[in-house]
Amino acid sequence: MPTPTATAKLTDSSGNQVGLAIFTTTDTGTSVGLSLAGVPPGLHGLHFHDTGRCAPPDFASAGGHFNPTAHRHGLANPDGPHLGDLPNLLVQANGSADTTFP
């Protein structure tokens, strides 16, 4: 198993840690592993923002979506997605999710 390149704590708007993101360099790019708990169940959209800062309560410090190619938002957009768009994440009824995006 490859060694993680970086990790990031994921927090809610109250500053409570709800998960961890693990970034690993691969032969084809970077994979992102996510492990969450205590998150509202259902489908959640995911994307990267321009800035590495993401301070609660409104997370505005993250800036805009990472979109250096000026495409439209969403992986299914026919005009092409933002470079920072990720697939949607399904959080289970118990508030947990564990997945990796290659």
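Where is P57 found? This proline is in the loop between β4 (42-47) and β5. Before going further, a word on the ground rules: residues are numbered from 1 along each chain as its sequence is written. The model is predicted, so local features need pLDDT of at least 70 and side-chain atom pairs count only at pLDDT 80 or more, while totals for chains, interfaces and linings use all residues, and side-chain values use heavy atoms, with hydrogens and water left out.

**The chain as a whole**

The protein chain has zero helices and six strands; helices (H or I, at least four residues) and strands (E, at least two) are DSSP runs, numbered from the N terminus. Its radius of gyration, taken over C-alpha atoms, is 14 Å, close to the 13 Å that the globule rule gives for 102 residues, so the chain is as compact as a globular protein of that length. That rule is 2.2 Å times the number of residues to the power 0.38. Along its principal axes, the C-alpha trace spans about 35 × 35 × 25 Å. Buried residues make up 22% of the 102 residues, where buried means under 20% relative accessible area, exposed over 50%, and partly exposed in between (1.4 Å probe, protein chains only).

**Back to the β4-β5 loop**

Most residues other than glycine have a negative phi, and most peptide bonds are trans. Yet the peptide bond from P56 to P57 is cis, with omega near 15 degrees. The loop between β4 and β5 also holds F59 and A70, and here is how those two look:

| Residue | Phi | Relative accessible area |
|---|---|---|
| F59 | positive, about 60 degrees | 23%, partly exposed |
| A70 | positive, about 55 degrees | 65%, exposed |

**A buried aspartate**

D85 sits in strand β5 (residues 85-91).

The side chain of D85 does make a polar contact with the side chain of H73, at 3.0 Å. That term covers a pair of N or O atoms within 3.5 Å; within protein, one must be able to donate a hydrogen and the other to accept it, and residues adjacent in sequence count only if both atoms are side-chain atoms. The D85 side chain also reaches the backbone nitrogen of H82 at 3.1 Å.
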